[in-house]
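Student: I have a model open on my screen and would like to learn how to read it. Could we go through it together, feature by feature?
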Amino acid sequence: MSSQLILATTKTLTHTMQLTQMERQNINWHISMIELDRFLDDAQFISIEQANYEQQLTVAKDSKRRYTLTKTKKELVVSSTKNGYMPLFDGVSRLKMVYHEPFLELEARLSDGTAYQHECFLEAQHDTKNTD
């Protein structure tokens, strides 16, 4: 009787721990996307390119500063040309980015198979030169 009670308790505890981990991961994803949205708020889209088997998004801020969003190892990061580095989310095995002006669509697949999607507003950079 006590072994059945221990077995039931162990199963319940394991299930609860898995649910807690999934909820923590969901919360971390949403926090990361809020941070990304805030970062991209005053940025402009430049390009999405293939770099080392991964996509790399390049954006501009203040027309001089350039930043990239990419998956480095298993981490989703924003980095600058001057060695700035902002980790957003860990455990990413695949990242797909598609730009349909003015929206950037992200799809991330994690190591455990979980998939997340996010869409954010990102204006395209347009030349402001006068063509008279």
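Student: Let me start with strand E8. Which residues make up its covered face, and which its uncovered one?

Tutor: Good place to begin, and keep in mind that this is a predicted model. In a regular strand the side chains alternate between the two faces of the sheet. In strand E8 (residues 115-121), Tyr-116, His-118 and Cys-120 form the covered face, while Ala-115, Gln-117, Glu-119 and Phe-121 are on the uncovered one.

Student: How many bridges join E7 to E8, and in which sense do they run?

Tutor: The two strands run antiparallel, with seven bridges joining them.

Student: What does E7 do with E6?

Tutor: Strand E6 (residues 92-100) pairs with strand E7 (residues 103-110) in the antiparallel sense over eight bridges. A hairpin of two residues joins E6 to E7. His-100 has Phe-103 in E7 as its bridge partner.

Student: Where is Pro-102 found, and what kind of peptide bond joins Glu-101 to it?

Tutor: Start from the general rule: most residues other than glycine have a negative phi, and most peptide bonds are trans. Here, the bond between Glu-101 and Pro-102 is cis, with omega about 5 degrees. Pro-102 is in the loop between E6 and E7.

Student: Which residue other than glycine has a positive phi?

Tutor: Lys-73 is a case, with phi near 55 degrees. Lys-73 lies in the loop between E3 and strand E4 (75-80). Lys-73 has a relative accessible area of 73%, so this residue counts as exposed.

Student: Is Gln-50 buried or exposed?

Tutor: Exposed means over 50% relative accessible area. Gln-50 counts as exposed because its value is 57%. Gln-50 belongs to strand E1 (residues 43-51).

Student: What is the strand order of the open sheet of six strands?

Tutor: Read across the sheet, the order is E5-E4-E3-E2-E1-E9, and the pairing is mixed. The edge strands, each pairing on one side only, are strand E5 (85-90) and strand E9 (123-124). Inside this order, E1 and E2 run antiparallel and are joined by eight bridges. Phe-45 has Val-59 in E2 as its bridge partner.

Student: How many residues does the largest nonpolar core have?

Tutor: In soluble globular proteins, nonpolar side chains tend to be buried together. The largest nonpolar core in this model has 27 residues, and Leu-40, Leu-69, Leu-104 and Leu-122 have the most contacts inside it. Helix H1 (residues 2-40) gives the most to this core, with five residues. Leaving aside residues up to four places away in sequence, Leu-40 touches Val-59, Leu-104, Cys-120, Phe-121 and Leu-122.

Student: What volume does the largest cavity have, and which residues line it?

Tutor: The volume of the largest cavity is about 30 Å³. Its lining is made of Leu-36, Phe-39, Leu-40, Leu-57, Val-59, Tyr-67, Thr-68, Leu-69 and Val-78. H1, strand E2 (54-61) and strand E3 (65-72) are the elements that give two or more residues to this lining. By class, the lining has eight nonpolar residues, one polar and no charged ones.

Key
Residues are numbered from 1 along each chain as its sequence is written. This is a predicted model: local features need pLDDT of at least 70, side-chain atom pairs count only at pLDDT 80 or more; totals for chains, interfaces and linings use all residues. Side-chain values use heavy atoms; hydrogens and water are left out. A nonpolar core is a set of buried Ala, Val, Leu, Ile, Met, Phe, Trp, Tyr and Cys residues joined through side-chain atoms within 4.5 Å. Buried means under 20% relative accessible area, exposed over 50%, partly exposed in between (1.4 Å probe, protein chains only). Helices (H or I, at least four residues) and strands (E, at least two) are DSSP runs, numbered from the N terminus. Contact means heavy atoms within 4.5 Å. Two strands pair if DSSP finds at least two bridges between them. On a 1 Å grid over the protein atoms alone, a cavity is a set of points where a 1.4 Å probe fits but cannot get out, and a pocket is an open set with protein on both sides within 12 Å along at least five of seven lines; lining residues have an atom within 4 Å of a point. Grid points are joined across faces, edges and corners, and a volume is the space filled by probe spheres set on the points. Ala, Val, Leu, Ile, Met, Phe, Trp, Tyr, Cys and Pro count as nonpolar, Asp, Glu, Lys and Arg as charged, and the others, Gly among them, as polar.
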